[in-house]
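Please open the structure in your viewer and keep the selection panel at hand.

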Amino acid sequence: MATMSLTLDNTFTQLENFGHSLRAPSYCFRPTRAEEILEVFNLAKNLGLTVTARGAGRSYNDASLNGGGIVLDMSGMNQILDWDPASGLVRCEPGVTLKQLWQCVEPEGWWPPVVSGTMKTTLGGCLAVNIHGKNNFQKGTIGEHVPEFTAMLPTGALVTCTPKTNADLFHAMISGLGMLGVFTSITLQMKRIYSGLIAVDAWPVPDLSRHLRDLLENAPRYDYIVGWLDTTTGGKNLGRGQIHAARNLKEGEDPDAQKTMQLAFQHLPDRLFGVMPKSLLHYFMSPFMNDLGVLGINTAKYLASLRKHTFRQSHAEFHFLLDYVPSWERSFGRGGLIQYQSFLPKETAEGAWREMIQLSHQRGLPSYLGVTKRHRPDQFLLSHALDGFSLAMDFKVTNNTRAKLSQLLQDFDRIVLKAGGRFYFAKNSETSAEAARAFLGEETLVEFKKFKKRCDPNNVLESDLFRRVFGQSI
Ligand SMILES: Cc1cc2nc3c(=O)[nH]c(=O)nc-3n(C[C@H](O)[C@H](O)[C@H](O)COP(=O)(O)OP(=O)(O)OC[C@H]3O[C@@H](n4cnc5c(N)ncnc54)[C@H](O)[C@@H]3O)c2cc1C
């Protein structure tokens, strides 16, 4: 980082969201120590600018963008500080990625308790949005596995929070979108594993009703469950797809456990069929990323999934399928993509998603990818989870569809709210202040406002997301 006395000289950068659908010019600093974060806060106060922390920039929306303001690139604070293979406790700087973490702990028989679908995310980014995994129904969100964190507040205080000490702040900062302070160290409890392999059952589901019933009824029998939903098909096939449910192997089930837990075994190959570099694959996917191409691919995928089958695969392959094709999001073209993830109670999900998928077809804006999960509620202040399901839908953005898509997603918001649903601030880029107020509730907003006043009285921490969803209310 440009050292103290700080200036904005040579810090100007153009940043994007993960979906490449948004851009924000910012002044970028890369701290390597907590004190440097404080210096940036002070510079921002002097210049009347706002600050946003940025982990790996893997949020689909504007969570780590701050147009015209300062961005703290946290990737410079990326040391694993302590790792105890006896207890499974690990203490890290916030810029440590999930990749660094699992690669450190797995060879010794541990795995992170909750991971996102990509290993490129940082722990700070994961805590700020309180990520869920394919085991949310069972293990909750990542915050439930954090015994302690420290954070630098814009007031200059370096606070330590645990579920018992500063418990209110603990539950507000985890999920708090980096708007109360910047994490400087994070302790996590890892989960024991007895193999580098995971046992997966895969089976087809013919429609939405069966899809949701299978997620609900099978979740208790597995450690992880996730569905692929063919969002391009309607009529009696609406909601068809495939479920993948997986369980960790028990002690003794894998005779080669010491070998399968080694990193060499967990490697995602760099080349397809041993020949084509995977880094080029997204170019070959691009020509198929249109309504007709995706309909064809989804139909072929569904037909190929008709046979129920069971197999074992490495943890890395199971959890990080989306990392298999580097820069896959580029295949959506120059306009990028928007992901819309809605969380619905189990009683209302089917009706709401039927209406939303049908609406997307009527408007000629089908989603190209649908992913379902089973969830449970949690105690964090800006929680997105509930006792029900989520459906994440990826939409291609073009100059022709941008405005129509924005309207469609706002119409989705109305359907979700009517059905008692919630939204996730790491994904949706259209959620308005009214929609946020409606799903969070007045009481939560008042509470969050109190924390903001206490931790950040001068409103130094702001992001494009914050201004969009809390603009008038906080
Ligand atoms: C392919 C893909 C798959 C995904 N799968 C899942 C999934 O399965 N489950 C899920 O829950 N999410 C998922 N996500 C979303 C992703 O996990 C979150 O957006 C996560 O926040 C990204 O981490 P990041 O380090 O890139 O954070 P960024 O996107 O850079 O930032 C996210 C937020 O964290 C804040 N922040 C970053 N660092 C700090 C810090 N040190 N202190 C305080 N605040 C900070 C930022 O200000 C911002 O508000 C996925 C994303 C992608 C691209």
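**Around the ligand**

Begin by selecting Ala 63 together with the ligand: a backbone N or O atom of Ala 63 lies 3.2 Å from an oxygen atom of the ligand, a polar contact in the sense of a pair of N or O atoms within 3.5 Å. The model is predicted, and local features need pLDDT of at least 70, side-chain atom pairs count only at pLDDT 80 or more, while totals for chains, interfaces and linings use all residues. Residues are numbered from 1 along each chain as its sequence is written, and side-chain values use heavy atoms, with hydrogens and water left out.

Now show the whole shell, which holds 36 residues, the closest being Ala 53, Arg 58, Ser 59, Thr 122 and Tyr 424; a residue is counted if one of its heavy atoms lies within 4 Å of the ligand. The shell divides into 17 nonpolar, 15 polar and 4 charged residues. E3, helix H3 (123-129) and strand E10 (182-189) are the elements that give two or more residues to this shell, and H3 gives the most, with 4 residues. Helices (H or I, at least four residues) and strands (E, at least two) are DSSP runs, numbered from the N terminus.

**The mixed sheet**

Select next the open sheet of 4 strands in the order E1-E2-E4-E3, where the pairing is mixed; two strands pair if DSSP finds at least two bridges between them. Strand E1 (12-16) and strand E3 (51-54) stand at the edges with a single partner strand each, so one side of each is left without a neighbour in the sheet. From one strand to the next the twist averages 45°, with axes fitted to C-alpha atoms, for helices over the stretch in contact, and angles running from 0 to 180 degrees between N-to-C directions.

Zoom in on E3 and strand E4 (residues 70-73), which run parallel and are joined by 4 bridges; here Val 51 stands opposite Ile 70 in E4.

**The antiparallel sheet**

Finally, select the open sheet of 5 strands, ordered E5-E6-E10-E8-E9 with antiparallel pairing. Its edge strands are strand E5 (80-84) and strand E9 (158-161), each pairing on one side only, and the twist averages 10° from one strand to the next. Strand E8 (residues 148-152) is joined to E10 by 5 bridges, and Phe 149 stands opposite Ile 186 in E10.

Terms used. Polar contact = N/O pair within 3.5 Å; in protein donor to acceptor, adjacent residues only side chain to side chain. Nonpolar A, V, L, I, M, F, W, Y, C, P; charged D, E, K, R; others polar.
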